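Colleague: I would like to go through this model with you, one topic at a time. Could we begin with how some of the helices pack?

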Amino acid sequence: MRYVHLYFTCIKRSMISRLEYKKDTIVALFSFFFSNLCSLAAIYFILQAIPALSGYSLPEVGFFYGFSMLPISLDHLFSDEFWLVAYRRVKDGDMDMHFLRPVPVMFQVFAETFQPEGFGELILGVALITVCALNLTVNVTFGAIVVLCVGAVFGAIIITSLKVAMSALAFIFKRSGPLLQVIYNFSSYAKYPLAIYPGLIRALLIFVLPFGLFISLPVDTLLYGKYNPWLLSLAIIGCAAVFFALATWIWTICERRYESTGS
Amino acid sequence: MLKKYKPFLRAGAIDTTAYRFNILIWAVITVCEVACMVFLWLAVYRSSEGGMDAEIHGFTYREMIAYVVLTTIFNFVTYNNDTLWNINADIKKGTVGNYLIKPISYRGKFAATSLGNLFTMTLMFGVPLYAAALVTLGVLGFLPDLSFPAFFAHLGLFLLSGLSASLLNDTIAYIFGVLCFYTSSGWGLNSLKVTLISFLSGTLLPIAFFPKGLRDVVSWMPFAGMSQNPVLILMMKYDLTESLRCVALSFAWIVVLELFAKLLFSHAVRKVTVHGG
């Protein structure tokens with residue numbers, strides 16, 4: 001309870017400091033919508049030239065793209081500060097203050113930033129899958145809805161865990177941002193149906209960096225009933241639990257090795 | 001005796017590997033991105049009505065892959081993002097005031113730096129990367145027939161278009177940088193600029209894929225000269241007349257944008273708020 005109160009106090013302070021650059025935030029929001037519009041336009045133009053992409057029609061490909069935005073945006077809302085830890089804050093000797101406070105360091109990092117931009121992404125994703133779903137004739141089952149929700153929420157936990165684990169390495173190597181970037185960029189592979197990739201990449205995206213597991217497979221379940229929704233949900237939840245446990249463990253170990261760089 | 005130097009030794013080693021590590025990581029990220037694009041295009045051609053031998057909007061799948069690889073190298077060599085961030089830093093730190101009283105042009109300083117960058121980047125990375133890519137793609141048969149005497153004319157025009165692309169990049173970055181005078185921060189403006197350039201320059205996909213009306217408008221804008229046109233000149237997809245037209249268009253745009261930047265700066269400089277200094 002104390003932590004909930006503390007979280008909101010910290011977030012409020014972070015929002016106030018954000019308001020310093022009001023005009024820039026508006027430009028950033030606009031450019032965010034514009035950039036997604038451009039990516040969607042690119043996909044639309046490509047699909048105009050062919051009948052379907054590996055058997056997927058335009059609204060189906062749009063659905064993949066829209067759904068991929070949900071876990072990514074949920075993660076974006078809560079854990080943006082880890083990027084700074086990985087890239088800058090450890091290197092700049094900026095983390096010392098967190099080690100002096102009687103609250104877990106990981107909690108403090110979460111409480112440092114709340115990114116309202118994530119809402120834009122979330123709204124755009126939901127709008128896109130709604131528009132695409134209206135242009136599809138699929139048999140929506142209860143199980144498919146459940147597995148999509150599980151994919152979005154627990155997928156976000158998996159992404160956050162990857163971020164926590166990778167940024168924790170900065171405690172040892174001082175800077176782990178580029179490594180985090182490599183891992184994170186694989187999420188863009190999951191914007192398209194897995195069918196377009198060769199078998200090895202598909203396996204990588206399901207078993208190693210499981211972006212395909214919680215984005216592509218649930219969508220395939222909705223569109224074509226390819227997988228059992230309940231087993232798939234279970235697999236995603238299990239995977240999220242393992243990733244989160246591993247991330248916390250890696251964070252604890254790396255945190256103990258922290259040495260201030262001075263400032 | 002030597003023990004006290006050990007931390008320095010370690011720091012030095014870490015420092016050196018840090019930069020090497022960065023280049024390595026950059027290479028990994030780029031290879032992953034290019035691979036993703038290649039898989040996407042292969043799937044597109046496989047799914048097209050004519051199968052793998054189809055020509056979509058004037059590109060075979062081999063040419064499309066060559067296009068993706070060459071635009072990636074071209075952007076890496078000519079792209080420059082420092083201008084916007086330097087202006088932003090000058091505004092935030094208040095150092096912009098120092099430049100306003102010095103007898104050099106604020107604009108000229110960035111243009112010169114940018115050309116210096118282009119020179120080093122072309123020699124250090126451009127020459128080996130282009131050579132490796134052209135030889136590999138040529139041997140694999142991914143390039144349209146490069147008939148040799150004509151290729152040298154195209155190579156010359158390509159280098160010229162690389163110069164104009166770099167100047168265009170710098171001018172546009174400068175214009176967006178000056179707009180930071182109005183917003184006091186560069187994040188939003190920077191991401192807007194990055195998106196505009198990657199979509200309208202043909203980096204995301206060739207402009208030939210755009211619907212007709214949009215295609216006509218975009219091909220007269222300055223952006224195509226920053227990525228698509230130079231690469232198509234090098235691949236000899238354009239004949240000499242078309243190539244010359246593209247290069248001339250880019251240089252005309254540089255003049256227009258420079259004039260605009262001058263006007264914008266003289267307005268913006270009256271808005272300047274120096275935060276300390």
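Predicted model: local features only at pLDDT ≥ 70, side-chain atom pairs only at ≥ 80, totals over all residues.

Colleague: At what angle do the two helices, α3(B) and α6(B), pack, and how far apart are their axes?

Modeller: Helix α3 of chain B, residues 82-93, packs against helix α6 of chain B, residues 148-183, at an angle of about 25 degrees, and their axes are 8 Å apart. Angles under 35 degrees count as roughly parallel, and α3(B) and α6(B) are therefore roughly parallel to each other.

Colleague: Is the crossing of α3(B) and α6(B) left-handed or right-handed?

Modeller: The α3(B) and α6(B) crossing is right-handed.

Colleague: Staying with α6(B), how does the distance between its end C-alpha atoms relate to what 1.5 Å a residue should give?

Modeller: The two agree: the 36 residues of α6(B) should span 52 Å at 1.5 Å a residue, and the end C-alpha atoms are 51 Å apart.

Colleague: And which residue follows α6(B)?

Modeller: Ser184(B) follows α6(B), and its phi is positive, near 65 degrees. For context, most residues other than glycine have a negative phi.

Colleague: Which other residues have a positive phi without being glycine?

Modeller: Among them are Ser54(A), with a phi of about 45 degrees, and Met236(B), with a phi near 60 degrees.

Colleague: Where are Ser54(A) and Met236(B) placed?

Modeller: Ser54(A) is in the loop between α2 (22-48) and α3 (58-79) of chain A. Met236(B) is in the loop between α9 and α10 of chain B.

Colleague: Is Met236(B) buried or exposed?

Modeller: Met236(B) is buried, because 20 other C-beta atoms lie within 10 Å and the cut-off for a buried residue is 20 or more. Ser54(A), with 18 other C-beta atoms within 10 Å, is partly exposed.

Colleague: Let us move on to α10(B). Which of its residues are buried?

Modeller: The buried residues in α10(B) are Ser243(B), Cys246(B), Val247(B), Ser250(B) and Trp253(B). An α-helix has 3.6 residues a turn, so residues three or four places apart point the same way.

Colleague: What covers the buried residues of α10(B)?

Modeller: The cover includes α6 and α9 (228-234) of chain B.

Colleague: How far does α10(B) reach from its first C-alpha to its last?

Modeller: Helix α10(B), residues 240-268, reaches 41 Å with its 29 residues, close to the 42 Å expected at 1.5 Å a residue.

Colleague: Taking chain B as a whole, how many helices and strands are there?

Modeller: Chain B has 10 helices and zero strands. Of its 277 residues, 36% are buried. Where contacts in chain B join residues at least 6 apart in sequence, 80% of them join residues at least 24 apart.

Colleague: Next, the two chains together. How many residues of chain B are in contact with chain A?

Modeller: On the chain B side there are 32 residues in contact with 30 residues of chain A. The elements that each give two or more residues to the chain B side are α1 (6-47), α6 and α7 (187-200) of chain B. The largest share, 13 residues, comes from α1(B).

Colleague: What is the make-up of that side of chain B by class?

Modeller: The side of chain B that touches chain A has 20 nonpolar, 10 polar and two charged residues.

Colleague: Finally, chain A. How do α4(A) and α8(A) pack?

Modeller: Helix α4 of chain A, residues 81-89, and helix α8 of chain A, residues 142-168, pack at an angle of about 20 degrees with their axes 9 Å apart. That makes α4(A) roughly parallel to α8(A), and their crossing is left-handed.

Colleague: Which residues meet there, between α4(A) and α8(A)?

Modeller: Phe82(A), Val85(A) and Ala86(A) of α4(A) meet Lys163(A), Val164(A), Met166(A) and Ser167(A) of α8(A). By class, this contact has five nonpolar residues, one polar and one charged.

Note on methods. Residues numbered from 1 in each chain as written. Chains lettered and ligands numbered in written order. Axes fitted to C-alpha atoms, helices over the stretch in contact; angles between N-to-C directions. Helix = DSSP H or I, 4+ residues; strand = E, 2+ residues; numbered from the N terminus. Parallel < 35°, antiparallel > 145°, perpendicular 65-115°, else oblique. Left-handed = near helix turned anticlockwise from the far one by under 90°. Buried ≥ 20, exposed ≤ 12 C-beta atoms within 10 Å, placed from the backbone. Contact = placed C-beta atoms within 7 Å. Nonpolar A, V, L, I, M, F, W, Y, C, P; charged D, E, K, R; others polar. Expected span 1.5 Å × (residues − 1).
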